[in-house]
Every structure is written in C-alpha cells, then in structure tokens.
Amino acid sequence: MSFLSIDNARKDFGGLRAVNDVSFTLERGEIAGLLGPNGSGKTTLINLISGALPASGGQITLDGVRLSGRRPDVIARAGVARTFQLVRILPSLTLTENVMIPAVFGAKAHWGAAARAVAEQALETVGLSDRAGATAGELTYIDQKRLELARAVAAEPKLLLLDEWLAGLNPTELTEGIELVRSLTRSGITILMVEHILDAVRALCPRVLVMNSGKLIADEETGAALSDPAVIAAYLGESADD
Amino acid sequence: MLKILLPLLGLAALAFLPNFVSDYGLGLLIGAVTYVTLASAWALFSGHTRYVSLATVAFYGTGAYTVAVLNEAMPYPAVLAVTALIGAAMALVVGLSTLRLAGVYFVIFTFGLSELVRQLITWYEVNVTGTLGRYIFLDVTARGIYWQMLALAALTIGLTAWIHRSRLGLGLRVIGDDETVAAHSGINLARTKLIAFVLSAVVLTLAGAIVSPRWVYVEPSIVFNPTVSFLTVIMALLGGANRLWGPALGAVPLFLAFEWLSSHFPDTYPIFLGLLFIGVVFALPDGVLAGIEKLRAKRKGAAQ
C-alpha cells in the first residue's frame, strides 16, 4: 500500500466541482510538485488532505490511516503539516512559541524543555535562531515565511504540504528557499508542494502532478510533463489556429 | 518563591481587613472583591481567546437565583454545589452550540443569552409559580460573604496562573491569534474552548450565589442587570485581559469610581460610564499593564 493515497477525492462548492475525482499516490520520502493554472483546484486539494475543508467524496489515507472525514487537528496529529498560501503566523507569540505549538500539540506531545528543544532545532534549520525571542508580528515577509516553515518542521511531520511557499521571494531568497526544502527531503519527509515557479519545481521535484479545472491532467516525470501539449494548453490556453 | 509568597501575604492581609472598616466599608470591599472575581473569571476564557462574552450576568444571575430557589430546601454547601453544577451544565450547552461562532456573532449571542435567561425565568415565575420575587434568608454575615468571595477570587487567580503555564493556556493563546493555525497544529478547538468556558462560567455562577444574600429580595430584573456584563468586560480590558493580575487591577479602581459616581450623580452616571468605555478602548486597548510596558520600552529606547 502506498504511503499517501488519494482515491477519487472530490470537492463541490454548490454547483462548482473544484476537485473532480483526483487520484494519485506518493511514496515515503518522495517530493512531488502540484501544478496548474489559477483556480484549477490545487489549494482545495491541499485543504482536503489537511482537513481544512471536508471532502465531498473519495478517500485519503496516510500510512494506512484514513484522513478523509477527520478534523484538521486529528489529521495534524496523524503526521500532516502544512504552510498556507497567504502566510499565517501567530503575531502575538514569540518565534520560539510559534514553532513550539505543533511540537506540543502534535503526535509526540512534547512539553517543557523537550518542546523548546524541538522548536530551537527547527528555528536553526530555517536560520532564525538568533531572533528566537522576538515577537512574530515584527518579522519581515520572508522571515514570516521561514517561520511558517519552521513551524511545519517542528511538527515532525510524515507529510509536509507546501502551498506556494516559495512565492514572493527575490532571486537570492529563492535559491536559499530551494536549498531549505531540499534539506528537508534529505531528512526523509514526504513533500507535496503547490508551486508556480517552474525553476524551483525543476530543481526540486522529479515528478509533478498537473491539475486543470479540478481534474488531474498529468502525473509524470517533470521534464515530460512540462512539454506535454495538454499541460501547455492548460497553462497558455489553446491557440486559435489549431 | 516571592511570586507565591507575596500574593499569600496580601490575601492574609485582606482577610483581616473587615476588622478595621465600617459596615459601609465592608460593603465596598465585598463589591470590589466580587468584581475582581468576575473580571478574572471572564478573562480566564476571554482574555486569551479574544471571544468577548457578554454572558457574565447570565451565569452570575443564575447563581443568585438558584440560591433564592434552593436556600430553604437544602444546606448551604449543597446549594453551592448545585449552583456550580447548574453553571457548568449551562456553559456546556451554550458552549457546544455557540463556540463555533466567531467575532461579533459570539458577542451578540452571549448578550442575547443573558436576556433570554432573564425572560425565561420571569415567564416561569409569573406563569408557573406565580411569584416573581423571592426572598433569601440565610444565616450568613457580611463578613462571611466577604471571606467566601475572597476565597473564590484567590482560587480564580490561582487557577488562571496554573492555566497560563499549562497546555490549555498555550492552546487558548494560539486560538486567540489564529484558529486555523491552531487546528492545523493539532489543537482540538472545541474541547480547548469548552474547558475554559465552563471553568469561567462555574466561577461566575458561584460568585452570584455567594453574593446573593446581600440582596435579600431578588427578582430577574435585579439579578440579570446587563450592566454587570459590560462592567466586567471594561474592567478586564482596562487592566489587561491576558495578564494574570490585569482584571483585578482594572476591577478595583473602576468599581470604586462607579460607586462614587452612582452615589453623587445618580441621574447622569450612565454618561460617565459611556465616556469611560470609550476612553479605555481608545487610550489603552491592551490594558494598563501593557501600556506601562510599552512606555518603559520607549524610555529605554530613548535612553540608548
């Protein structure tokens, strides 16, 4: 049985089918990109996996445990961590406290010194340890993004969902960001990342899944997918003369 | 060590205070300690979660009314126990049905709840028992009431201190900042909010029960006075709702100010009340304690 298995996941918003019977699997330790034009259902799919939205149909399992139909906090404790398309930090808490939260309330339920150690390690990973005592609301945008990633890492997840985590970074920051994600895959975390920056996808993901208007239209090796006529058509639209 | 010793010494001093004051002074003490209890209990739930509850008087009044109904039927400790149970049950039902409401909807619901409870009891008394008012004859002295309320206040602040250091407190703070992040970090939102809401409600209900013999005669319009809910909120906000001593710090001066205003300007007193509400929200949105910290940080910054 596959590590992450998504079987005919479906999400309806009234008459709109945002995710239309999507099925795929990920193996343990794999990193895959989730591509598609705006509004194709990528974030909705991420929301179905993390439990932010209840699925209208289908089944999602992680490591043999059923995730579909569960509350987000149960799914988090089952080993799923995520970042958000619009960065979400806890502005009134310090950096250490921000990062401690999933360590305390996650699967391992660390407390006290153990939780602090996990948080410090995660802040070290993203390069924020020298500002650990600062309040999160004071951080710049890029540092808030780093903090969000540190929080996801401190959950010690089995599956990490990144929703355009690299968006909005300048070229230098992007290079650092890619290195950071790569270091996470080396530690054995399975990653599914929504991403529009194709250079980053090429650099990080050997395999991509492409969605268009709710359907999965490609699931293949990255190079092949990016030259697939169906994928190009989805991104650029069909040209009028063919 | 000093953090535990100082409050205990203060508590002992407060317990001896009735020996040195007049009956009027003792009345003021009871009122002040009652509002310290109410504001601290309110902040126990609302301080970190930022769910502004106007249901304070729903629980407080229910506590007083329970004593009015039961005071001749069973011994006093049993009455208190039943009161606490009723408060907890009421908070469970209300919490389960409303804690998913966010922001202003929660505020309006809790305000409506207080009115609903008052109207229900009025309806019941008029149509079923046929007696709107009730008398409370209990063998409790004013000093006894003061000591009980002081104990409840100490218990509430102690409980808050413990919660601040516990997982529950951390969970509540995260919920106050961002519920989505809280849920995705593994925090059970419903359970966390419900535990704090019930603990807060039990204290509020007990406060109403303990203070009720002071009224002697009660009827719904007296015990379910919505001003109590508003005063509690503004006191907690003035001191700093997310600090351990914030609500107490806000409750004492405001209670004394209101007492003075209502005896000297009985007709225009609500105007001062309104101005004070506006003043606190504008000038000290995070409370006095946070304001002082900010000022200190500024001075430090200027000195460097």
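**A helix pair in its setting**

Modeller: Chain B has a secondary structure of 14 helices and two strands. The model is a predicted one, and every value below is computed from it.

The overall form of chain B comes first. A compact globule of 304 residues would have a radius of gyration near 19 Å, and the 20 Å of chain B agrees with this. The C-alpha trace of chain B spans about 70 × 50 × 45 Å along its principal axes. Of the 304 residues in chain B, 44% are buried. Among the contacts in chain B with a separation of 6 or more, 79% join residues 24 or more positions apart.

We may now turn to the helix pair itself. Two packed helices are described by two quantities, the angle between their axes and the distance between the axes. The pair here consists of helix α11 of chain B, residues 227-239, and helix α13 of chain B, residues 269-283. Their axes lie 10 Å apart, and the helices pack at an angle of about 35°. The crossing of α11(B) and α13(B) is left-handed.

Which residues of the two helices meet? From α11(B) come B:Ile234, B:Leu237 and B:Leu238, and they meet B:Leu276, B:Phe277 and B:Val280 of α13(B). The contact of α11(B) with α13(B) comprises six nonpolar residues, with no polar and no charged ones.

Chain A has nine helices and ten strands in its secondary structure. Chain A is as compact as a globular protein of its length, because its radius of gyration of 18 Å is close to the 18 Å that the globule rule gives for 242 residues. Its C-alpha trace spans about 60 × 40 × 30 Å along the principal axes of chain A. In chain A, 47% of the 242 residues count as buried. Residues 24 or more positions apart make up 64% of the contacts in chain A with a separation of 6 or more.

Finally, there is the contact of the two chains, to which chain A gives 17 residues and chain B gives 16 residues. On the side of chain A that touches chain B, α2 (72-77) and α3 (95-105) of chain A each supply at least two residues. That side of chain A is made up of ten nonpolar, three polar and four charged residues. The contact of α11(B) with α13(B), by comparison, has six nonpolar residues and no polar or charged ones.

Methods. Residues are numbered from 1 along each chain as its sequence is written. Chains are lettered from A and ligands numbered from 1 in the order in which they are written. This is a predicted model: local features need pLDDT of at least 70, side-chain atom pairs count only at pLDDT 80 or more; totals for chains, interfaces and linings use all residues. Two residues are in contact if their C-beta atoms, placed from the backbone, lie within 7 Å. Helices (H or I, at least four residues) and strands (E, at least two) are DSSP runs, numbered from the N terminus. Ala, Val, Leu, Ile, Met, Phe, Trp, Tyr, Cys and Pro count as nonpolar, Asp, Glu, Lys and Arg as charged, and the others, Gly among them, as polar. The radius of gyration is taken over C-alpha atoms; the globule rule is 2.2 Å times the number of residues to the power 0.38. A residue is buried if 20 or more other C-beta atoms lie within 10 Å of its own, exposed if 12 or fewer, and partly exposed in between; C-beta atoms are placed from the backbone. Axes are lines fitted to C-alpha atoms, for helices over the stretch in contact, and angles run from 0 to 180 degrees between N-to-C directions. A crossing is left-handed if the near helix is turned anticlockwise from the far one by less than a right angle, and right-handed if clockwise.
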